[in-house]
Amino acid sequence: SDHMENICGYLMKYTNLVTGWQYRFFVLNNDAGLLEYFVNEQSRHLKPRGTLQLAGAVISPSDEDSHTFSVNAASGEQYKLRATDAKERQHWVSRLQICTQHHTEAIGKNNPPLKSRSFSLASQGSANSPGVQRRPSQNAVSFFNVGHHRLPTGKRVPIMQPDHLVDVREMMSQAEGQQRDLIRSIECLPVSGHLTSLDQDLLMLKATSMATMNCLNDCFHILQLQHASQQKGSLPAGTTISWLEPKISLANHFKNGAAQNFPAEINKPASVREEQSVAEPCQLTREPEEINPDEELEDVCDDKEDDLGAVEEQRSVILHLLSQLKLGMDLTRVVLPTFILEKRSLLEMYADFMSHPDLFIAITNGTSPEERMIRFVEYYLTSFHEGRKGAIAKKPYNPIIGETFHCSWRMPKSDIATDAGTNFSAHSPSEQVTLSKDLEGQTELDYYTVKFVAEQVSHHPPVSGFYAECVEKKMCVNAHVWTKSKFLGMSIGVTMVGEGLLSLLEHGEEYTFSLPCAYARSILTVPWVELGGKVNINCVKTGYSASINFHTKPFYGGKLHRVTGEVKQNTTNTVVCRVQGEWNSVLEFTYSNGETKYVDLTKLSVTRKRVRPLEKQGPFESRRLWQHVTESLRDGDIDKATEHKRALEERQRNEERLRAETEAPWCTKYFLKEGDGWVYHKPLWKTVSAAQTQQTDTN
């Protein structure tokens, strides 16, 4: 390539807190894939002071300023460098990235098979690391219990029976457990010394063993397809088939990778096992369930995501993951490490955007279309701050298809604004919690209830539907969101594809709105969240609209989390309100009459949601479904959390495969497909309209 030239020059290198930044002479050796540095240009003929292998490295411009960037090698070593200006930084970054990509791809193409390499765990193991020595029973054949057999010519391959598939699945589970033991043994090695966990041979062994297991899983899937094709004609139409593997409790699933024993299940006749595999999923009804708000209790969970320890400890894991990704890659099907998860489902995160129900209810109290649009914009901009749990950018659980989340909020009627001057509650957060606790003794007429339900309606693509309503105020909101995530180098971008609809039935108004993109920045250091993009809010009936811009931090200077917007009357093109500030700090609203209002989101009252206790929740409700993962994360047991998470995801994948094989469609519980969107099965606009029609007929 024309861009693969060797370059050299002076850069500042950060050494430590004491020494600080020092000028060093750097040389990019494209042929060898090395970044070397010397004390100065005159000492270039001497041995380099330092060398980094660029294969598998990550080159990332810094968010601190326009001059700094870092080179993160696959070994875990990092150079933090600073150019004289932005142009020089871009020159170095682009050349380093080209060289890195070239040598990373070369490793994948030219690496010899493991059997021809001189390295082995047995030969390199020492008395200090007995856990990595290979046991005699763990050779390549016995490890997977697979041999090579040549079939006699003319012989037909026998059709696999269901009990044979169960046996194969059991052997696969044992092999997966042993493979995880191997990975753990490698990862328990020290990061420095003669044999380290970042040794290139060991990293290659981890990758090839995982690829082998993936290949075996694909082969097993082919066997399932073959069996399903033989059985398709004998099953009743519409039957849902469970996955053909032993039924084991989630609590014991994949425990330490040990071999599992299923004597009771295996000793049953094949016909009984297949009958159960067909019938058991059908016991889970997909009929909508009416949740009684009186069964819900005020939420006591307060899982703030402020712990940086896990992220820092798992730095090498992140580096290894990043080395496998390419710019622009869709992350929808990429399994991310468990330690970056926050302790809630994405469905519950959508509910947390409703944590200011007083502002939501107050929208319909606006005395004019202009005031109602402004109130909706005020509510919309205050919802994102509480939706984030802490300053660290962690990822909520990917909802399982069919997963649901229910909750509600109760707001004293006295706290709801009725005029333009009291849009925001005057109570402090502590006073608000006290008020919500006192609600238990109040009568129904003393408070409004906002009910919320969310459901994961699709797995690929991942689409969530959510709906909230306040029956007393005749208002509701329905939305569907498709989350599309992409790898952007040192950031992960999430596009929220979809649309929401707010209905104010008392006024006959409908407001359509979209959601901004979200970005997880600085994923190698301290990850943080940034919102970006333009969103629009429109009300066709009144002719009012709002345009809101979430600004990402510019390349040169600029503020974080900045947002600007304006509300206008489309007919006259008159701006009636402008807003600016930070979506997680202070917002300034300026109205057409010259008045200005400031809203400090950090002091804004938050109403705790009400959720049913776990024992009253259904098996597919978020908190009950993910309870073992959440408990393990709270205890700091990442391995155990990973096992529980993997069991859930594996169940979902197998069920999805067999639905595809039997052409059995997935039936949603609360949301119905309408055009390109999803709508709640019993929205308030339908029930209110039906009630009004019935009243008219009675009169």
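## Charges over rings

In this predicted model, K484 lies over the face of W482, at 4.9 Å from the ring centre, where a charge counts as sitting over a ring if NZ of Lys or CZ of Arg is within 6 Å of the ring centre and within 35 degrees of the ring normal. The charged end of K13 likewise sits over a ring, that of Y79, 5.2 Å from its centre.

## How the model was read

Local features need pLDDT of at least 70 and side-chain atom pairs count only at pLDDT 80 or more, while totals for chains, interfaces and linings use all residues. Residues are numbered from 1 along each chain as its sequence is written, and side-chain values use heavy atoms, with hydrogens and water left out.

## Aromatic pairs

A search of the whole structure finds 19 aromatic pairs, a pair being rings of Phe, Tyr or Trp (its six-membered ring) whose centres lie within 6.5 Å, with planes under 30 degrees apart counted as stacked, over 60 as edge-to-face and the rest as tilted. One of them joins Y14 and W21, which are edge-to-face at 5.4 Å centre to centre, with 65° between the planes.

The rings of F360 and Y379 have their centres 5.6 Å apart and their planes at 55°, so this pair is tilted. Because F360 lies in helix α11 (residues 357-362) and Y379 in helix α12 (residues 369-387), the pair ties together parts that are 19 residues apart in sequence; helices here are DSSP runs of H or I with at least four residues, numbered from the N terminus.

## A cluster of rings

Ring pairs also link F353, F376, Y380, F384, Y511, F513 and F550 into a cluster.

Notes: Helices (H or I, at least four residues) and strands (E, at least two) are DSSP runs, numbered from the N terminus.
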